[in-house]
2 protein chains.
Amino acid sequence: MSTVLVVDDDPALVRALTINLRARGYQVHAAATGAGALQLAATDAPDAVVLDLGLPDMDGSDVIAGLRGWTDVPILVLSAREHSRQKVAALDAGADDYVVKPFGMEELLARLRAAIRRGTPTPAEPRITTEDFTIDLSAGRVTADGRDVKLTPTEWHLLEVLARHPGKVLDHGRLLTEVWGPAYREQTNYLRVYMATLRRKLEPDAAHPRHLLTEAGRGYRFEP
Amino acid sequence: MSTVLVVDDDPALVRALTINLRARGYQVHAAATGAGALQLAATDAPDAVVLDLGLPDMDGSDVIAGLRGWTDVPILVLSAREHSRQKVAALDAGADDYVVKPFGMEELLARLRAAIRRGTPTPAEPRITTEDFTIDLSAGRVTADGRDVKLTPTEWHLLEVLARHPGKVLDHGRLLTEVWGPAYREQTNYLRVYMATLRRKLEPDAAHPRHLLTEAGRGYRFEP
DNA sequence: GTGCGTTGCCAAGGCAGCGTCAAGATCCGG
DNA sequence: CCGGATCTTGACGCTGCCTTGGCAACGCAC
C-alpha cells in the first residue's frame with residue numbers, strides 16, 4: 001500500500017488527515033516543519049507528499065525545491081491563501097497540485113489518488129505467478145517454463161476472468177456472462193470444454209489440476 | 001513546442017484560451033463536442049487536453065474514459081460546478097487536474113505547465129532494436145542491416161504504436177483508433193493490409209514473422 | 001448397489017478471422 | 001495537368017477456432 005507524507009503545523013489538521021488516510025489503507029507519516037519534511041522524505045521514500053505552505057521554519061517553495069532536487073514524488077500543496085500568484089509559484093516550483101483550504105476531504109483524497117496514479121506509470125506488475133505458469137495480464141500472455149503458451153481468444157478471456165479473482169469461486173452464470181455474454185448463461189458445456197483445454201495447456205497433469213479447480217455444483221476457482 | 005487540445009462549447013472561452021496559449025508558444029487545437037474531441041485527440045496526439053465537463057453531446061466522464069482507453073495524455077478538467085462529487089468522479093475517471101470556473105488565466109497556465117511537465121518524464125532511449133532491424137522513434141526511421149527502410153506515413157504510424165508497447169498484445173480497436181481514428185474501429189482489413197507490408201519490408205521471412213506477430217482473434221504484438 | 005445430476009473428454013462440421021493479391025481512388029509534387 | 005506513390009476497397013482461399021452432440025467417469029443421496 002502507498003505511503004503518504006503529511007506536512008502541516010496544525011496538529012488538528014494532521015490528525016484529521018491521518019485518520020482519513022489510514023481509513024483508506026494508506027500508511028501515513030507526518031512532519032510539522034519543512035526541515036522535518038525533507039528529513040522524513042529522504043528516509044521514508046513516500047509515494048506522495050501533502051504539503052502545507054504555511055510552515056513556521058521554511059518557505060513553501062523552498063520545501064518543494066528541496067524535494068525536487070532529488071525526487072519526482074508527487075507533491076500536493078495545501079494553502080489557506082487563495083492568491084493566484086502563490087499558486088502559480090508553487091506549481092512552477094514543481095508541485096503537482098494545489099488545494100485551497102478549507103477543502104473537502106473527498107476531493108483531497110481524489111486528487112491524491114490521481115497524483116499517486118500518475119506517479120506510478122508502471123501500474124505495478126499485473127503479473128500472476130503459480131509454480132507451473134505465469135500470467136501477464138497487461139501484456140496478455142501466459143508463459144510456462146520459459147515458453148509462450150498459445151491461447152485462443154476465448155481461452156484467454158476465460159483464464160483472465162478467473163485470474164482476476166484468485167482464490168474465489170466463480171459460479172457458472174458469472175463466468176459464462178463475462179466471457180460469452182448474458183445470453184449464454186445456461187451453456188455450461190462451454191465451460192467444460194474450455195476448462196479442459198486450459199488444463200491441457202497449463203497444468204502439468206491435466207487430470208489432477210492444481211490451479212484450475214472445480215468446485216462441484218458451484219463453479220470454478222483459480223488458485224495461484 | 002507543445003500542442004494543447006481545448007474542448008469547450010463556449011466560443012468565447014475557446015477564443016480566450018486560444019489567444020493566451022498561442023501567446024505562450026503553444027499550438028492550439030479546439031473542439032466543441034466530445035465526439036470531436038476524441039477524433040482530434042486521435043489524429044493530433046496533443047501533449048495536453050483542456051476539457052470542459054459541460055459538453056452538449058457527451059457526459060464528461062465518458063470523454064475522459066474514451067481518451068484513457070488508449071492514451072495517457074494529461075487531462076485538465078474545467079467545470080462551472082463546484083460540486084465536490086463531480087470533482088471526485090472526474091479525477092477518478094482519469095483526469096489529472098480540476099479547475100473551477102471562473103478561473104484565473106495565470107493559474108490555469110501554471111497547472112497546464114505542471115501537467116505537461118509531468119506528462120513527459122521520458123527522455124528515455126527512443127531506439128528499439130531487434131535482431132533484424134532497428135527503430136528510431138525520435139528520428140522516425142527504421143534501418144535493416146545498415147540500410148534505411150522506406151516506410152509510408154501509415155506504415156510508420158502503425159509500427160510506432162506497436163513498438164511503443166513491446167511485448168504487449170494490442171487489440172484491433174486500439175490500433176485502429178490510434179492510427180486511423182475512432183471512426184475506423186471496425187476496419188480490421190486495414191490492419192491486415194498494413195501488417196502485411198510491414199512484414200514484407202522488415203521481416204526476413206514475411207511468411208514466418210519473428211517480431212510482428214499476430215495473436216489470432218485478439219490483436220497484434222511486437223516482439224523485439 | 002442403484003439412479004441421477006454433474007463433470008470431463010472427444011471429434012466433426014461450419015464459419016469467422018487472417019493473409020494475400022490486385023484493381024480503383026486519392027493525394028501530391030513537378 | 002500528368003505521373004507516381006499511397007491509401008482504400010473488394011474478393012478469395014485457407015487455417016484454425018467455436019460450436020455442438022454424444023458418451024464415459026465420477027460423486028452423492030437413498
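Two exercises with worked solutions follow, on a predicted model. Local features need pLDDT of at least 70 and side-chain atom pairs count only at pLDDT 80 or more, whereas totals for chains, interfaces and linings use all residues. Residues are numbered from 1 along each chain as written, chains are lettered from A in the order written, and side-chain values use heavy atoms, without hydrogens and water.

**Exercise 1.** Determine which residues come nearest to DNA strand D and which phosphate contacts they make.

*Solution.* 
1. A residue is near the strand if one of its heavy atoms lies within 4 Å of it. Among the 16 residues around DNA strand D, the nearest are T154(A), Y190(A), T152(B), T154(B) and Y190(B).
2. A side-chain N or O atom of T154(A) is 2.3 Å from a phosphate oxygen of DNA strand D; for T154(B) the distance is 2.5 Å.

**Exercise 2.** Identify the residues that touch the most other members of the largest nonpolar core, and list the contacts of L162(A).

*Solution.* 
1. Such a core joins buried (under 20% relative accessible area, 1.4 Å probe, protein chains only) Ala, Val, Leu, Ile, Met, Phe, Trp, Tyr and Cys residues through side-chain atoms within 4.5 Å.
2. Of its 26 residues, I135(A), V142(A) and L162(A) touch the most other members.
3. α6(A) gives the most, with 6 residues.
4. Beyond neighbours within four places in sequence, L162(A) is in contact (heavy atoms within 4.5 Å) with L170(A), L175(A), M195(A), L212(A), Y220(A) and F222(A).

Methods:
A polar contact is a pair of N or O atoms within 3.5 Å; within protein, one must be able to donate a hydrogen and the other to accept it, and residues adjacent in sequence count only if both atoms are side-chain atoms. Buried means under 20% relative accessible area, exposed over 50%, partly exposed in between (1.4 Å probe, protein chains only). Helices (H or I, at least four residues) and strands (E, at least two) are DSSP runs, numbered from the N terminus.
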